[in-house]
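Please open the model in a viewer and keep the selection tool at hand.

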Amino acid sequence: MKVIAVVLVQDKYFDSMGGRKCFNSFKYFHSEIKIIRFGSEKILDLIWKYPGFMWGSMASIVMKEVKDKYKTDCVILLDADSLVLGRMDEVFSFDYDVAASRNDPEEHTENESINRAYDNKKLPNYLFVNAGFIVCKSQVFIEKWVEFQKYEVQSYQRNPYLFYQEQEFPMREQDTFNLFFHSGKFKSKILDSLGSNLIYGSSSNKDCSIKDTSDRKSHVKNWKDIEYKNGQFFLDNKIVKRLHYGGGFCKRKMGYELFSDDIANKIKEITKCYF
């Protein structure tokens, strides 16, 4: 199976958002998989090719471009503020069209319906997935998602104020992604489903939803508790495959101050990033 991974991040944020650590950590654990970066120039090309698409609605078109250009069987999209901390072999052994990781930790029980699009309001927190890590094998899924994203983009263009006031798609591409992920038309897989012993992203984060950005460090403060044993990273007795800072833009993400000294040093070995 031919697999391509892609990281989407503007050049000026490649280091501050953790993009270099994400890129290098993926290569460390999966040197057999080609990983590419959509930087500022490619992002600008996409904006011209897909009028109206912008940050917050580009994941679908990036995955389409990669699948079309490389004729790949599987595309992996990684948010730049991700850190890969283990091989993801089980990702390729599951039978699915599209896979992703949970958005919220078990501890987050608040009603998030106000932050979600119409059909997504019915989803319990443990089923709402994050668009920061998507593994897709289905060309049809990507094409349908792109077409629906065009509607979301046009809705915003018609009246940006009304778009946000009515909260039609408050989380933009994450909302449209969830609509298709849970539509029943595709075989979908949550990689770190409730009760799993794996961590694939923001399900590891504590104290607040990844959508609560009032304190951007509160939801990752438990990363200090990560341990390294027998060649694997653990948090709360779960195997950490990927961490996700999440929560939108801030000046610096994935700093080593978020981890204990031992874990920070191990991550430096993996990423070859020392700042």
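## A strand and its partners

Select Leu 77 and then Ile 134, which stands opposite Leu 77 in β6. The model is predicted: local features need pLDDT of at least 70, side-chain atom pairs count only at pLDDT 80 or more, and totals for chains, interfaces and linings use all residues. Residues are numbered from 1 along each chain as its sequence is written, and side-chain values use heavy atoms, with hydrogens and water left out.

Helices (H or I, at least four residues) and strands (E, at least two) are DSSP runs, numbered from the N terminus. Next, select the whole of strand β6, residues 129–136. Eight of its eight residues are buried; buried means under 20% relative accessible area, exposed means over 50%, and partly exposed lies in between, with a 1.4 Å probe and protein chains only.

Two strands pair if DSSP finds at least two bridges between them. Strand β5 (residues 98–102) also pairs with β6 in the antiparallel sense, over five bridges. To find one of the bridges, select Val 98, whose partner in β6 is Cys 136.

## The nonpolar cores

Select Ile 76, Leu 78, Trp 223, Leu 243 and Phe 259: these have the most contacts inside the largest nonpolar core, which has 47 residues. Apart from it lies another core, of 33 residues, among them Ala 59, Ile 61, Ile 134 and Phe 180. A nonpolar core is a set of buried Ala, Val, Leu, Ile, Met, Phe, Trp, Tyr and Cys residues joined through side-chain atoms within 4.5 Å. In soluble globular proteins, nonpolar side chains tend to be buried together.

## Aromatic rings

The structure holds 12 aromatic pairs. Rings of Phe, Tyr and Trp (its six-membered ring) pair if their centres lie within 6.5 Å; planes under 30 degrees apart count as stacked, over 60 as edge-to-face and the rest as tilted.

Select Phe 141 and Phe 177, an edge-to-face pair at 5.9 Å centre to centre, with 80 degrees between the planes. This pair links distant parts of the chain, 36 residues apart: Phe 141 is in helix α5 (residues 139–158) and Phe 177 in helix α7 (residues 173–181). Phe 141 is buried, with a relative accessible area of 1%, and Phe 177 is buried at 0%.

Then select Trp 223 and Tyr 245, also an edge-to-face pair, at 6.3 Å centre to centre and with 90 degrees between the planes. Trp 223 is in the loop between β8 (198–199) and β9, and Tyr 245 is in the loop between β12 (242–244) and α8, 22 residues apart.

Which residues do ring pairs link into a cluster? They are Phe 141, Trp 145, Phe 148, Phe 177, Phe 180, Phe 181 and Phe 186.

## Charges over a ring

Select Tyr 256 with Lys 21, whose charged end sits over the ring of Tyr 256, 4.2 Å from its centre. The charged end of Lys 268 sits over the ring of Tyr 256 as well, 5.0 Å from its centre. A charge sits over a ring if NZ of Lys or CZ of Arg is within 6 Å of the ring centre and within 35 degrees of the ring normal.

## Two positive phi angles

Most residues other than glycine have a negative phi. Select Asn 230, in the loop between β9 (227–229) and β10 (232–235). Asn 230 has a positive phi of about 50 degrees although it is not a glycine, and it is exposed, with a relative accessible area of 82%.

Finally, select Lys 272 in the segment after α8 (261–271). Lys 272 has a positive phi of about 60 degrees and is exposed, with a relative accessible area of 56%.
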